[in-house]
Amino acid sequence: MPMESKDWIDVTTEKNHYSLDHFVIPKHYEKDVSSILIPHGDRIQKLARLIAEDASGPLVVCCILKGGHQYFADLVNAIKALTKANGHSVPLSLEFIRVKSYKNDQSEGVTISLTEGECRDFAGKNLLIVEDIIDTGKTMVKLLERLREYNPKSVKVTSLLIKKTDRSNGYVPDYVGFAIPDAFVVGYALDYNEYFRDLDHICVISEHGKSAYAV
């Protein structure tokens, strides 16, 4: 079931732009980000608890590469550290998926990096898809359609971020960290031409940064 908007943190440029002077930024990025949108913090602990309490059995936690890897790693560690109200922990297995959208004159959809055999192994299992950011939602909807062809017991999605954009198709994941403005953000494994993945905080890229790392 999609998470309701009252249950995530709504980030706006008016109230959530933190000065770079208040946090540690790597020197090589000091001119390349204009402000910090989301400081590195413990929102993930709350999402981990929600996921663990909802889990009805073992989870296959699927990381969408590349941008999702930092959220995935922190989330998995947080779930592993939890004990549910009934005293049990949640057994986890891990999977890594590269997803690519395509469109031609016949259809549109996604290709994924797993083999047909690996996908068939999802049958009867509880999948948790871990994504860094939902922008338009189109790729995620197509990915879910593809995964459901293999008859998993359940499929849920968590995304650290969803973008508030007019381009959205309305898709909302089951577990959301933050809703952010329609700005280009980097850090916490979110990249701009493969840069900024080593930045802990989620920041808005500056015009200087766009120019410095343009290809």
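1. Basis. In this predicted model, local features need pLDDT of at least 70, side-chain atom pairs count only at pLDDT 80 or more, and totals for chains, interfaces and linings use all residues. Residues are numbered from 1 along each chain as its sequence is written, and side-chain values use heavy atoms, with hydrogens and water left out.

2. Glu131. This residue sits in strand 6 (residues 126–134); strands are DSSP runs of E, at least two residues, and helices are runs of H or I, at least four, numbered from the N terminus. Glu131 is buried without a salt bridge. Buried means under 20% relative accessible area, exposed over 50%, partly exposed in between (1.4 Å probe, protein chains only). A salt bridge needs a side-chain nitrogen of Lys or Arg within 4 Å of a carboxyl oxygen of Asp or Glu. The nearest side chain of opposite charge, Arg197, is 9.2 Å away. Beyond four places in sequence, Glu131 touches Ile64, Tyr71, Met140, Thr158, Ser159 and Leu160 (heavy atoms within 4.5 Å).

3. Largest pocket. Its volume is about 580 Å³. A pocket is an open set of points on a 1 Å grid over the protein atoms alone, where a 1.4 Å probe fits, with protein on both sides within 12 Å along at least five of seven lines; lining residues have an atom within 4 Å of a point. The volume is the space filled by probe spheres set on the points, which are joined across faces, edges and corners. Of 28 lining residues, Glu131, Asp132, Ile133, Ile134 and Asp135 lie nearest the centre.

4. Lining. Strand 3 (59–65), strand 4 (92–103), strand 6 and helix 4 (138–148) each supply at least two lining residues. The lining holds 12 nonpolar, six polar and 10 charged residues.

5. Arg167. The model has 10 salt bridges. Arg167 pairs with Asp135 at 3.3 Å, N to O. Asp135 lies in the loop between strand 6 and helix 4, and Arg167 in the loop between strand 7 (154–163) and strand 8 (175–180), so the bridge ties together parts 32 residues apart in sequence. Arg167 also bridges to Asp182, again at 3.3 Å, N to O. Arg167 is partly exposed at 45%, Asp135 at 30% and Asp182 at 40%.

6. Other bridges. Glu207 and Lys210 form a salt bridge at 3.4 Å. They are three residues apart in helix 5 (residues 207–212), about one helical turn. Lys66, Asp191, Glu194 and Arg197 are linked in a salt-bridge network.

How values were computed: Lys and Arg count as positive and Asp and Glu as negative; His and the chain ends are not counted. Ala, Val, Leu, Ile, Met, Phe, Trp, Tyr, Cys and Pro count as nonpolar, Asp, Glu, Lys and Arg as charged, and the others, Gly among them, as polar.
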